[in-house]
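This briefing covers one protein model, topic by topic. Please look over the sequence and structure first.

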Amino acid sequence: MAERKPSRQQVYTLLVEIGRKKGDGLPKEATGAALMVYASGVDEAEAVRETVAILKQADTAPLDVSGYGTLKEREAEGHDISDEERALMQRALDENAVIVAQVTPFFD
């Protein structure tokens with residue numbers, strides 16, 4: 001049997017759509033929002049689970065999560081990644097955290 005290597009945390013870029021919930025902190029007229037999130041995990045599924053759990057604790061209503069991969073995967077796809085984004089990704093990795101980088105409210 002092959003020896004298992006220790007798991008390695010990576011940071012995943014996620015786009016989370018949230019609905020409205022009392023106390024969510026969104027503008028009164030908003031119908032929901034999109035959150036750009038950097039989340040650490042051993043795989044994308046873990047990063048998504050952790051993100052959803054934390055967003056629920058923060059009184060938001062996560063509806064949908066789209067994954068955009070790791071930094072290396074995004075670079076391979078030709079994404080333009082700013083120094084600010086890279087710094088937030090590194091912080092998410094260093095702190096084993098979920099970082100909400102951007103909130104874009106939706107209005108009808």
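A residue is called buried when its relative accessible area is under 20%, exposed when it is over 50%, and partly exposed in between, using a 1.4 Å probe and protein chains only. The model is predicted: local features need pLDDT of at least 70, side-chain atom pairs count only at pLDDT 80 or more, and totals for chains, interfaces and linings use all residues. Residues are numbered from 1 along each chain as its sequence is written, and side-chain values use heavy atoms, with hydrogens and water left out.

**Overall layout**

- The protein has three helices and four strands; these are DSSP runs numbered from the N terminus, with helices being H or I of at least four residues and strands being E of at least two.
- Read from the N terminus, the order of elements is β-β-α-β-α-α-β.
- Along the principal axes, the C-alpha atoms fill a box of roughly 55 × 30 × 20 Å.
- Of the 108 residues, 31% are buried.
- A contact means heavy atoms within 4.5 Å.
- Among contacts with a separation of 6 or more, 71% are between residues 24 or more positions apart.

**Helix α1**

- Helix α1 covers residues 44–57, and its end C-alpha atoms are 20 Å apart, which agrees with the 20 Å that its 14 residues should span at 1.5 Å a residue; the expected span is 1.5 Å times one less than the number of residues.
- A47, T51 and L55 are buried in α1.
- These residues cover an arc of only 60° around the axis, so they sit on the same side of α1; the arc is that of the directions from the helix axis to the C-beta atoms.
- An α-helix has 3.6 residues a turn, so residues three or four places apart point the same way.
- The other side of α1 carries R49, K56 and Q57, which are exposed.
- The cover over the buried residues of α1 includes β1 (10–19), β2 (32–41), β3 and β4 (98–106).
- At the N-terminal end, D43 caps α1, with a side-chain oxygen 3.3 Å from the backbone nitrogen of A45.
- D59 follows α1 and has a positive phi, near 60°.

**A47 and S40**

- A47, in helix α1, has a relative accessible area of 0% and is therefore buried.
- Leaving aside neighbours within four places in sequence, A47 is in contact with Y12, L14, A39, S40 and G41.
- The C-alpha atoms of A47 and V98 are 8.2 Å apart, although the two residues are 51 residues apart along the chain.
- S40 belongs to strand β2 and counts as buried because its relative accessible area is 5%.
- The side chains of S40 and N96 are joined by a polar contact of 2.7 Å; such a contact is a pair of N or O atoms within 3.5 Å where, within protein, one must be able to donate a hydrogen and the other to accept it, and residues adjacent in sequence count only if both atoms are side-chain atoms.
- Leaving aside neighbours within four places in sequence, the contacts of S40 include Q9, Q10, V11 and A92.

**A61 in strand β3**

- A61 lies in strand β3, residues 61–70.
- Not counting residues up to four places away in sequence, A61 touches E17, I18, G19, R20 and K21.
- A61 and D24 are 37 residues apart along the chain, and their C-alpha atoms are separated by 8.0 Å.
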